[in-house]
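Here are my notes on the model you passed along. Have it open beside you as you go through the points.

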Amino acid sequence: MENKCKRAYITTPIYYVNDIPHIGHAYTTIICDTIARYSRLIGLETYFLTGTDEHGQKIEEAAKKRGKSAKQYADEISGYFKNLWDEFDISYDKFIRTTDESHKKGVQKAFDVMYKKGDIYKDMYEGHYCVSCESFFTQNQLIENEFCPDCGKTTSIVKEESYFFKLSKYEDRLLKWYEEKENCVLPKGKKNEVISFVKQGLRDLSVTRTSFDWGVKLPKSINDPKHVMYVWLDALLNYITALGYADDGELMKFWPATVQVVGKDILRFHAIYWPAFLMSLDLPLPKHIAAHGWWTRNGEKMSKSKGNVVDPREVANAYGLENFRYFMLREVPFGQDGDFSQKALVDRINSDLSNDLGNLVNRVLGMSGKYFKFTVNSKDVLKYHKKELKECEEIIDSLQENIFEMQLNRYLEGLWKVLSIANQSIAIYEPWKKMKEEKDEEAMALVALIANLLAKISVLLYPVMPKTSLKIATVFGFDIDNTTYKKYIENNELLDEIILEKLPPLFPKIEKMLMTSPEPKVEPKKEKEKIENDGIITIEQFFQTKLKIGTVIEAKEIEGSDKLLILQVDLNEEKPRQIVAGIKQFYSPKNLLNTQICVVSNLKPARIFSKKSEGMLLAVKDKDTLTLIRPEKDVSNGSCVG
Ligand code: ME8
């Protein structure tokens with residue numbers, strides 16, 4: 001995210017109303033809320049948009065199944081999303097619905113502009129359609145000629161008259177954009193995937209449908225009432241219709257967006273179609289399209305049909321909303337997938353929040369209370385602790401870059417480095433000894449150092465944990481806003497003499513798992529095999545995974561991927577297994593050839609980077625390295641592990 005301009009426009013994807021929100025949706029929204037709060041804190045005029053995506057075949061079908069009209073159903077689920085974000089104190093400025101009249105008017109205007117420009121033409125569409133992804137595919141993109149390469153569901157054949165958008169026309173301009181604007185798509189690995197997709201050649205995009213009705217009609221000027229707009233054209237345009245595109249509204253001053261956060265599943269739509277539409281409309285392109293990874297359960301993407309979704313409300317009720325926010329942003333580097341477990345959440349609360357942060361607040365209160373009747377005076381901090389203070393200021397100075405590159409986990413790690421310097425300083429300078437030796441001035445300087453570091457942390461933690469940070473700031477007698485940001489962070493001013501305000505412990509330790517439905521739902525017939533304690537499985541459950549040893553007989557790089565290799569593995573079956581594995585940064589194809597590896601052989605085949613993958617290899621991740629699991633000495637291919 002660039003911070004040179006005075007404005008920030010932050011958007012979430014608009015969520016489909018075919019299902020209620022889960023922690024994946026909450027994650028996207030919490031990331032955006034954090035960036036929006038940060039932007040306001042540092043003084044940018046900020047507009048934060050979220051909303052719901054309500055048209056299309058998928059919603060029409062979901063409503064029908066429940067015996068409701070599409071609008072009735074959309075009202076219900078859209079309300080559910082909005083209520084949840086309100087309950088979660090999400091600081092959005094507008095909640096857009098694609099059924100809003102102003103949105104529909106804006107979409108029609110955009111269609112008209114593109115049409116008049118000659119970027120839209122009428123033809124016949126013949127191909128495959130995945131209703132779940134609302135995506136078109138050609139025959140050779142499908143898995144086994146039938147299944148969607150993105151979600152694995154069955155596709156249907158579509159043959160109908162359609163208007164097409166000249167996507168192919170924008171291929172070169174898109175490639176130029178990716179080349180010239182280094183951070184236009186984040187993270188960089190994902191950007192490379194987008195570039196290689198575009199380089200394979202773009203086909204014109206069907207942007208209207210005639211086989212159902214639940215969508216925005218074409219503009220009257222075109223006079224073709226049997227067509228409704230393709231839901232992705234309708235949906236993507238929300239980012240400008242929300243600003244009043246239909247009537248050249250004043251809010252259009254916020255365009256182009258500063259950062260548009262999306263899940264990796266919908267990056268293609270945002271990093272290819274969306275900028276091409278904008279080029280056609282002669283509008284500037286967003287500064288950053290940033291794609292995050294998925295939250296999974298036991299390695300599988302969450303979905304209602306798999307019964308493995310986690311309800312964000314349940315997590316927040318059990319563990320506290322702000323603890324949950326902290327966990328999501330700290331646990332997973334932006335762009336990577338993260339597996340949700342209560343244990344990981346509890347560990348973060350007990351160790352980072354309770355031990356590192358909460359205890360430090362208690363200690364500063366305890367020390368200042370015991371030695372100085374809660375008074376803190378900063379006048380000697382620089383005399384005794386210049387080194388610690390400067391070190392922390394330097395760390396803090398580098399943090400802005402992390403936010404602007406969407407590395408919220410690094411941002412939090414930076415804050416925790418400051419906490420660790422504060423905690424270590426107490427151990428090193430032992431203020432209790434100073435008091436015994438009647439060196440009160442030195443003891444006060446140490447207590448004041450800690451108070452000042454905590455004051456800075458409270459300001460910078462505010463975008464992630466607003467209420468908690470405000471409570472910490474009250475201890476030191478200030479409110480968190482742009483004025484105090486400037487004072488304590490930009491200008492590095494020290495606290496005036498203050499009397500600390502007491503605060504009950506912020507993060508009581510959590511002794512047991514608190515959610516009542518923590519695990520993916522288990523089918524009733526398998527009830528006796530249910531996981532009884534967090535992480536404990538039965539031997540039968542273990543042996544459901546078939547681990548086999550095989551020899552790598554071919555290994556190649558995949559063009560356009562920084563991470564993946566494609567392997568052919570001999571498992572002593574009719575033909576070698578093809579496995580796509582994310583090990584390129586650690587193993588070269590040459591070094592893998594003719595070596596044995598351990599493979600999960602009964603994994604459902606998946607499509608990775610458009611290649612079929614028929615298993616998974618086992619490896620150990622340790623810090624920044626990855627080591628393959630192999631037999632100690634050669635064994636026959638196909639041998640079972642266990
Ligand atoms: O795709 N982990 O809507 P959507 C992390 N309407 N994030 C997840 C997730 C998971 N398991 N599941 C969903 C659509 N998300 C379109 C968008 S925008 C013009 C139109 C997040 O409800 C992720 O950000 O299926 C995903 O992109 C978003 O929810 C929307 O999902």
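1. Across the interface of domain 1 and domain 3 there are 0 residue pairs in polar contact with both at pLDDT 80 or more. A polar contact here is a pair of N or O atoms within 3.5 Å; within protein, one must be able to donate a hydrogen and the other to accept it, and residues adjacent in sequence count only if both atoms are side-chain atoms. By class, the domain 1 side that touches domain 3 has 3 nonpolar, 4 polar and 2 charged residues. For those classes, Ala, Val, Leu, Ile, Met, Phe, Trp, Tyr, Cys and Pro are nonpolar, Asp, Glu, Lys and Arg are charged, and the others, Gly among them, are polar. Between these two domains the salt bridge count is 0 as well; a salt bridge means a side-chain nitrogen of Lys or Arg within 4 Å of a carboxyl oxygen of Asp or Glu.

2. Some ground rules: this is a predicted model, so local features need pLDDT of at least 70 and side-chain atom pairs count only at pLDDT 80 or more, while totals for chains, interfaces and linings use all residues. Residues are numbered from 1 along each chain as its sequence is written, and side-chain values use heavy atoms, with hydrogens and water left out.

3. The chain splits into domain 1 (7–292), domain 2 (337–499) and domain 3 (544–641), with bounds from an automatic or database domain assignment. The contact between domain 1 and domain 3 takes 9 residues from domain 1 and 6 residues from domain 3, where contact means heavy atoms within 4.5 Å. Their centres, taken over C-alpha atoms, sit 36 Å apart. About 610 Å² is buried between the two, 49% of it from carbon and sulfur atoms; that area is the accessible area (1.4 Å probe) that two parts lose on being put together, summed over both.

4. How many salt bridges does the structure hold? The total is 45. One of them joins R97 and E54, at 2.7 Å from N to O. This pair links distant parts of the chain, 43 residues apart: R97 is in strand 4 (residues 94–97), and E54 is in the loop between strand 3 (45–53) and helix 2 (57–65). Helices (H or I, at least four residues) and strands (E, at least two) are DSSP runs, numbered from the N terminus. Both R97 and E54 are buried, taking buried as under 20% relative accessible area, exposed as over 50% and partly exposed as in between (1.4 Å probe, protein chains only).

5. S78 belongs with that pair. Sitting in helix 3 (residues 70–87), S78 is buried at 3% relative accessible area. The S78 side chain makes a polar contact with the side chain of R97 at 3.3 Å. Leaving out residues up to four places away in sequence, S78 touches V17, T52, E54, F95 and R97.

6. Two other salt bridges deserve a look. D352 pairs with R348, with the closest N and O atoms 2.8 Å apart; the two are 4 residues apart in helix 12 (residues 342–372), so about one helical turn separates them. D352 is buried, at 6% relative accessibility. K433 pairs with E430 at 3.0 Å between the closest N and O atoms, and K433 is partly exposed at 41%. There is also a salt-bridge network linking R7, E45, E250 and K253.

7. Please check the backbone at E430, where phi is near 40°, a positive value in a residue other than glycine. E430 lies in the loop between helix 14 (408–429) and helix 15 (431–436) and is partly exposed, with a relative accessible area of 24%. D248, also not a glycine, has a positive phi of about 45°; this residue is in the loop between helix 8 and strand 12 and counts as exposed at 60% relative accessibility.
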